[in-house]
Amino acid sequence: MWLDRLVLRDYRNIESVDVNLDPRFNVFAGINAQGKTSLLESIYLISTSRVLRGSRDVEAIRDGAEESSVKGILGDSQTEIGVNLGRGKRKKGLVNGLGLPRASDLIGRLPSVCFWSGDLTLATGDPAGRRMMLDTELSQVFPAYLKAFSIYKRALEQRNALLKQAQERHVPNEVFEGWEASMALQGGIMRQFRLDWVKALRPHAKATHAHMGEGEEFDLQYALKDEGELLDKYSELRSQEIARGSTLFGPHRDDLELFIEGRPVRQYGSQGQQRTAVISLKLAVLHSAQETLGFPPVLLLDDIFSDLDLGRRVRLVEAAMQAGGQVFITCTEAEQAGELLQNAAKVFRVHSGQVSNA
Ligand SMILES: Nc1ncnc2c1ncn2[C@@H]1O[C@H](COP(=O)(O)OP(=O)(O)OP(=O)(O)O)[C@@H](O)[C@H]1O
Ligand SMILES: [Mg+2]
């Protein structure tokens, strides 16, 4: 699956752009604040139905415009997928011009794996970000995960509301038990998916990191917050949880721990090491998604060269090129991409929200 053409109207600082893309390698180069990340983000939007930066979709509508439209024409099938954003309107996902019931129904038509600077919090931030990564990536590839996750999330919200109610008045055990049974079942499914997935990712992430970091040892481990049966835990610890007003155990409290040379990346990693670790993780995600889907997702790499020395840059480009699918890379100077990629890629110059062939 690849993106043949990208058509934008009033997206971020881009008034109007219509570009034909290379099936393999595309480089968006330009000085700061010209629209490179915006272009990448627009591809992410039609892929995931979500805006990458910020939490509000309307922020992506060009200042002064009422609506924003992003369209992508997929290679081979020439299917057109798109997203329309409007001020005070619901986000709309479209396929061949026809609106979908929900924008999120777009997910799966152009699977992608994205790295941008915000992803560095996977190395530096708290577990919530890493859990969100697990949930997002697994949901893209495994519909059964998305289902378990959705049911678990709702049951967790209900149970947490009951725990708070129980601080004020008596709530019978049976009322808890229904939600707890659902959480134990779906939580067990979620954990199995996550454990299997991390097991599959681990060798790839380790090998990619070792390649980029000249033998540096990277490791990752899925860390369960509790042991034993979830259902037993919930009934045993209910009174403690009532006092806290929230559910203390389950997949929503687990973590994906990252290590370099045996030490936690978060406390000990240098900036270059943290960036290398997260990019290696993303490339491993791509690899494992490819195994499941049967084709490689589109790889979106924003501003990947900062903080990396020349050797790491060259080896990163090699790894991205070997990944097998369509790749988009943004950088301030095309030269950063190195001769190998420059020669193989379609290089676009991005200036003041306009895109031209370099
Ligand atoms: N809704 C919007 N309307 C108009 N301009 C916007 C909007 N959102 C962001 N911008 C501006 O668009 C410009 C391009 O942003 P973008 O992040 O794409 O730049 P970039 O080329 O990736 O730069 P850098 O190299 O610094 O990462 C910036 O000046 C930004 O402030
Ligand atoms: Mg940028």
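This is a predicted model: local features need pLDDT of at least 70, side-chain atom pairs count only at pLDDT 80 or more; totals for chains, interfaces and linings use all residues.

Biologist: How many residues surround ligand 1, and which are the closest?

Modeller: Ligand 1 is surrounded by 18 residues, and N13, N32, K36, T37 and S38 are the closest.

Biologist: Which helix gives the most to that shell?

Modeller: That is helix α1, residues 36-48, which contributes 3 residues to the shell around ligand 1.

Biologist: Is A33 buried or exposed, and why?

Modeller: A33 counts as exposed because it has 11 C-beta neighbours inside 10 Å, and the cut-off for exposed is 12 or fewer.

Biologist: Let us turn to the strands. How do β1 and β2 run relative to each other?

Modeller: Strand β1 (residues 3-11) and strand β2 (residues 14-20) run antiparallel and are joined by 6 bridges. Within this pairing, L8 has V17 of β2 as its bridge partner, and R5 has N20 of β2.

Biologist: What about the turn of that hairpin?

Modeller: The hairpin of β1 and β2 has 2 residues between the strands, and R12 there takes a positive phi near 50°.

Biologist: Which residue of β4 stands opposite L6?

Modeller: L6 stands opposite G72 in β4. Strand β4 covers residues 67-74 and pairs with β1 in the antiparallel sense over 6 bridges.

Biologist: Now the sheet with β9 in it. What is its strand order?

Modeller: That sheet is open, with 3 strands in the order β9-β10-β11 and antiparallel pairing. Its edge strands are β9 (218-223) and β11 (263-264), each of which pairs on one side only. Helix α5 (residues 173-212) packs on the sheet and touches β9 and β10, its direction making about 170° with that of β9.

Biologist: How many bridges are there between β9 and β10?

Modeller: There are 6 bridges between β9 and strand β10 (residues 255-260), in the antiparallel sense. One of the partners is F259 in β10, which bridges to D219.

Biologist: And where is E261 placed?

Modeller: E261 is in the loop between β10 and β11. Its phi is positive, near 50°, although E261 is a residue other than glycine. E261 counts as partly exposed because 13 other C-beta atoms lie within 10 Å.

Biologist: Back to helix α5 for a moment. Is A207 buried or partly exposed?

Modeller: A207, which lies in helix α5, is partly exposed because it has 16 C-beta neighbours inside 10 Å.

Biologist: Last topic, the nonpolar core. Which residues touch the most other members?

Modeller: The largest nonpolar core has 91 residues, of which V27, I43, L300 and L301 touch the most other members. Helix α5 gives the most to this core, with 10 residues.

Biologist: What does L300 touch, leaving aside residues up to four places away in sequence?

Modeller: On that basis, L300 touches L40, I43, Y44, S112, C114 and F328.

Methods: Residues are numbered from 1 along each chain as its sequence is written. Chains are lettered from A and ligands numbered from 1 in the order in which they are written. A residue is near a molecule or strand if its C-beta atom, placed from the backbone, lies within 6 Å of it. Helices (H or I, at least four residues) and strands (E, at least two) are DSSP runs, numbered from the N terminus. Two strands pair if DSSP finds at least two bridges between them. Two residues are in contact if their C-beta atoms, placed from the backbone, lie within 7 Å. Axes are lines fitted to C-alpha atoms, for helices over the stretch in contact, and angles run from 0 to 180 degrees between N-to-C directions. A residue is buried if 20 or more other C-beta atoms lie within 10 Å of its own, exposed if 12 or fewer, and partly exposed in between; C-beta atoms are placed from the backbone. A nonpolar core is a set of buried Ala, Val, Leu, Ile, Met, Phe, Trp, Tyr and Cys residues joined through C-beta atoms within 7 Å.
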